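Please read this briefing with the sequence and the model side by side. The points are grouped by topic.

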Amino acid sequence: MTINIERVLATPAALAFIGELRQRHGPLMFFQSGGCCDGSTPMCYAAGEFDLSDTDVYLGNLDGAPFYIGLEQFGYWEHTQLIIDVVEGNGGMFSLDNGTGRRFLTRSRLFTDEENGQLRSQAPGP
């Protein structure tokens, strides 16, 4: 029996915050920022408000909200499970968490060799 390995997941606190933002803004989506203005932070947008490129990589869903990362950034993090949490502080400039006094934060853990093997056989895509 093969277990589906999640590339991205959320803590209970992040899931609760996602629910709050969804109530205010409707369906959501995430993009893992790779630097520039907001550093490496998970950015939350209203669904369809962020233009994805053909090379962006779908990692999974957080309570129904699709989560993407740029191909170059994925190259650095492909052996890592992203764990989205929420902490006090200011959110990313363009992220829906900005101005709430809380922000999303990416924590991570390295996949085991066994998990990496299973990930290579999993079909990508939403």
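I83 has R107 in β7 as its bridge partner. This contact between strands belongs to a predicted model, and the strands involved, β6 and β7, run antiparallel and are joined by nine bridges.

- Strands of a sheet pair through backbone hydrogen bonds, and the pairing is either parallel or antiparallel.
- An open sheet is formed here by three strands in the order β1-β6-β7, with mixed pairing.
- β1 and β7 are the edge strands, and each has a single partner strand, so one side of each has no neighbour in the sheet.
- On average, neighbouring strands of this sheet are turned by 30° against each other, direction ignored.
- E88 is found opposite R102 in β7.
- The pairing of β1 with β6 is parallel and runs over three bridges.
- A10 has I84 of β6 opposite it.
- Seven of the nine residues of β6 are buried, which leaves this strand mostly covered.

**The sheet with β2 to β5**

- Another open sheet has four strands in the order β3-β2-β5-β4, and its pairing is mixed.
- Its edges are β3 (residues 42–46) and β4, each with a single partner strand, so one side of each is left without a neighbour in the sheet.
- β4 and β5 run antiparallel and are joined by five bridges.
- Y58 has Y68 in β5 as its bridge partner.

**Where helix α1 lies**

- α1 packs on the four-stranded sheet, where it touches β2, β3, β4 and β5.
- The direction of α1 makes about 125° with that of β2.
- α1 also lies across β1, β6 and β7.
- Against β7, α1 runs at about 140°.

**The nonpolar cores**

- The largest nonpolar core has 21 residues.
- Those with the most contacts inside this core are F30, L59, L62, F67, I84 and F104.
- Two or more residues each come from β1 (8–10), α1, β2 (28–32), β4 (57–62), β5 (65–69) and β6 (80–88).
- The element that gives the most to this core is α1, with four residues.
- Another core, of six residues, lies apart from it, and M29, F31, M43 and Y58 are among its members.
- What does I84 touch, leaving aside its neighbours within four places in sequence? Its contacts include V8, L9 and A10, as well as A14, L62, F67 and F104.
- Also in contact with I84 are, among others, T11, Q32, P42, L105 and T106.

**The aromatic rings**

- There are six aromatic pairs in the structure.
- In one of them, F17 and F104 have ring centres 5.0 Å apart and planes at 40°. An angle under 30 degrees would count as stacked and one over 60 as edge-to-face, so this pair is tilted.
- F17 belongs to helix α1 (residues 12–25) and F104 to strand β7 (residues 102–110), so their pair ties together parts that are 87 residues apart in sequence.
- Are F17 and F104 buried or exposed? F17 has 0% relative accessibility and counts as buried, because buried means under 20%. F104 is buried too, with a relative accessible area of 0%.
- One aromatic cluster is made up of F17, F30, F67 and F104.

**The chain as a whole**

- The protein chain has three helices and seven strands.
- Starting at the N terminus, its elements follow the order β-α-β-β-β-β-α-β-β-α.
- The radius of gyration of the protein chain is 14 Å, close to the 14 Å from the globule rule for 126 residues, so the chain is as compact as a globular protein of that length.
- The C-alpha trace spans about 40 × 30 × 25 Å along its principal axes.
- Of the 126 residues in the protein chain, 42% are buried.
- Among contacts between residues at least 6 apart in sequence, 58% join residues at least 24 apart.

Notes
Residues numbered from 1 in each chain as written. Predicted model: local features only at pLDDT ≥ 70, side-chain atom pairs only at ≥ 80, totals over all residues. Heavy atoms only, no water. Phe/Tyr/Trp six-rings, centres within 6.5 Å; stacked < 30°, edge-to-face > 60°. Buried < 20%, exposed > 50% of the residue type's maximum accessible area, 1.4 Å probe, protein only. Core = buried A, V, L, I, M, F, W, Y, C linked by side-chain atoms within 4.5 Å. Contact = heavy atoms within 4.5 Å. Pairing = 2+ DSSP bridges. Axes fitted to C-alpha atoms, helices over the stretch in contact; angles between N-to-C directions. Rg over C-alpha atoms; globule rule 2.2 N^0.38 Å.
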